[in-house]
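Colleague: I have the file open and a few questions about how the chain packs. Can we go through it bit by bit?

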Amino acid sequence: MKNKNNGITLIALVITIIMLLILAGVTIATLTGDNGILTKAVQAKENTEKASEDEMRRLTMLESELNIENKEYTDANGDTATIPAGFAVSQIEGENTVENGLVIIDANDNEFVWIPVPTAIAESEEQGTINKAMAVNLGTEENPQYRGLLYNFSEIDSSVKSGCTTTKNSYREPDIIDAYDNNTKYNNGLFTKESLQNDYNNMIKSVNENKGFYVARYEMSLDVNKNAQSKKNEISSNASQTDTSMWYGLYEKAKTYNKDSVVSSMIWGSQYDAMLNWMHKDSNINVNSEMPMKGASKNTTRVTGSEELDKIKNIYDLLGNSLEWTLESISSYNRVFRGGGAIANSPDNNATGTFGFASSRITLYIR
């Protein structure tokens with residue numbers, strides 16, 4: 001009888017292993033890589049989520065057109081905010097509570113975030129240090145004249161910034177800067193010391209009555225008609241545009257976002273500080289150490305809302321993107337910047353300077 005060998009030869013084994021490796025490689029390549037099944041599945045999930053958010057945003061925009069009067073809103077946590085006519089609360093998850101940053105949207109997709117202010121007016125500067133108020137009254141009860149309380153965030157326990165009186169060569173608001181604001185070459189009749197004081201008085205009264213105000217979710221940009229807006233993925237209105245070549249142009253543009261229910265303005269220094277004081281109450285957020293935004297680009301991008309790192313409480317562009325002019329004054333020449341690498345600091349510069357890295361942020365108070 002002949003003997004039969006039922007095993008495989010070494011050559012056949014090698015060929016089999018090679019074939020298995022080839023098949024494994026093809027399978028891995030199919031699953032991974034830019035065109036892999038797993039990558040496409042992740043992309044499909046992200047696209048679905050984005051499409052869902054876009055749809056929710058469109059629904060909110062439609063709802064805003066139906067809201068014809070101011071209304072009181074209470075979120076799931078029992079916190080309240082005043083929703084002005086012409087706006088609606090975002091229906092996107094994570095954007096409908098005061099604690100996380102309540103987002104409202106208008107019919108043109110402009111977005112704003114509610115800043116709660118438990119105490120707007122302090123009886124004294126010392127009391128303001130304790131309760132983080134926005135202003136003190138230097139006038140009478142019948143004729144109030146408010147002065148902003150400005151805070152120093154160099155320490156975790158913030159204190160009222162030294163020199164926040166109306167004395168020249170100090171941080172202060174509301175006030176003019178003598179060197180330029182009285183010069184029609186720059187001011188062009190935009191405001192006077194008295195009109196700035198009146199604007200500030202009206203803002204503080206509204207914040208006090210409504211227990212808060214709204215800040216633009218994104219840095220200020222301009223629409224096709226050169227009116228101020230707050231939209232994602234728009235170019236910040238900085239000095240590259242001739243009509244906002246300096247502080248005065250940005251101030252004027254900030255007032256062009258108009259609705260019957262709200263008044264728009266360039267952000268006041270005390271409003272920026274109220275926003276930071278509110279954020280600072282969260283134990284996970286320390287505006288002094290710029291958390292959780294470490295790694296965000298500073299003065300490098302020009303598109304609003306482009307970095308998820310650069311966001312606190314649903315508000316974007318706080319650390320990165322452009323520096324933001326405020327209405328806060330210092331000395332006889334300068335206005336104060338915030339944002340753009342200076343979230344909790346107050347660098348200042350000449351109000352007539354043209355800076356490609358400078359924009360601003362609009363705020364709204366309820367009429």
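Modeller: One term to begin with: a contact here means heavy atoms within 4.5 Å. Also, this is a predicted model.

Colleague: Fine. Which residues is Met56 in contact with, leaving aside its neighbours within four places in sequence?

Modeller: Met56 is in contact with Gln91 and Ile92, once those neighbours are set aside. The C-alpha atoms of Met56 and Gln91 are separated by 5.8 Å, though the two are 35 residues apart along the chain.

Colleague: Where is the place of Met56?

Modeller: In helix 2, which covers residues 37-66.

Colleague: And how does Met56 count at 25% relative accessibility?

Modeller: As partly exposed. Buried would need under 20%, and exposed over 50%.

Colleague: On to the inside. How many residues does the largest nonpolar core have?

Modeller: It has 79 residues. Those with the most contacts inside it are Phe112, Tyr214, Trp247, Met275, Met279 and Leu318. Helix 7, residues 269-280, gives the most to this core, with six residues.

Colleague: Take Phe112. What does it touch, not counting residues up to four places away in sequence?

Modeller: Phe112 touches a list that includes Phe87, Leu102, Val103, Ile104, Tyr214, Tyr257, Ile362 and Leu364. Arg217 and Ser230 are also among the residues that Phe112 touches.

Colleague: Phe87 is on that list. What sits over the ring of Phe87?

Modeller: The charged end of Lys259, 5.6 Å from the ring centre. There is also Lys313, which lies over the face of Trp278 at 5.4 Å from the ring centre.

Colleague: Staying with rings, what does the count of aromatic pairs come to?

Modeller: The count comes to 16 aromatic pairs. Take Tyr180 and Tyr333: their ring centres are 5.9 Å apart and their planes are at 70°, so the pair is edge-to-face. That pair links distant parts of the chain, with Tyr180 in helix 4 (residues 178-181) and Tyr333 in the loop between strand 17 and strand 18, 153 residues apart.

Colleague: Is Tyr180 buried or exposed?

Modeller: Tyr180 is buried, with a relative accessible area of 14%. Tyr333 has 45% relative accessibility and counts as partly exposed.

Colleague: Which residues do ring pairs link into a cluster?

Modeller: Tyr180, Tyr186, Phe191, Trp247, Tyr248, Tyr251 and Tyr333.

Colleague: Why is helix 6 largely enclosed by the rest of the structure?

Modeller: Helix 6 (residues 247-254) has seven of its eight residues buried, so it is largely enclosed. Trp247, Tyr248 and Tyr251 are among those buried, and so is Lys253.

Colleague: Now strand 17. How many of its residues are buried?

Modeller: Eight of eight, over residues 323-330. Both faces are covered: Leu323, Trp325, Leu327 and Ser329 are buried on one side, and Glu324, Thr326, Glu328 and Ile330 on the other.

Colleague: In what sense does strand 17 pair with strand 20?

Modeller: Parallel, over three bridges, with strand 20 at residues 358-360. Trp325 stands opposite Ser360 in that pairing. With strand 18 (residues 334-338), strand 17 pairs in the antiparallel sense over four bridges. The bridge partner of Ser329 in strand 18 is Arg335.

Colleague: What do strand 17 and strand 18 form?

Modeller: A hairpin with three residues between the two strands. Ser331 in the turn has a positive phi of about 60°.

Methods: Residues numbered from 1 in each chain as written. Predicted model: local features only at pLDDT ≥ 70, side-chain atom pairs only at ≥ 80, totals over all residues. Heavy atoms only, no water. Core = buried A, V, L, I, M, F, W, Y, C linked by side-chain atoms within 4.5 Å. Buried < 20%, exposed > 50% of the residue type's maximum accessible area, 1.4 Å probe, protein only. Pairing = 2+ DSSP bridges. Phe/Tyr/Trp six-rings, centres within 6.5 Å; stacked < 30°, edge-to-face > 60°. Lys NZ or Arg CZ within 6 Å of the ring centre and 35° of its normal.
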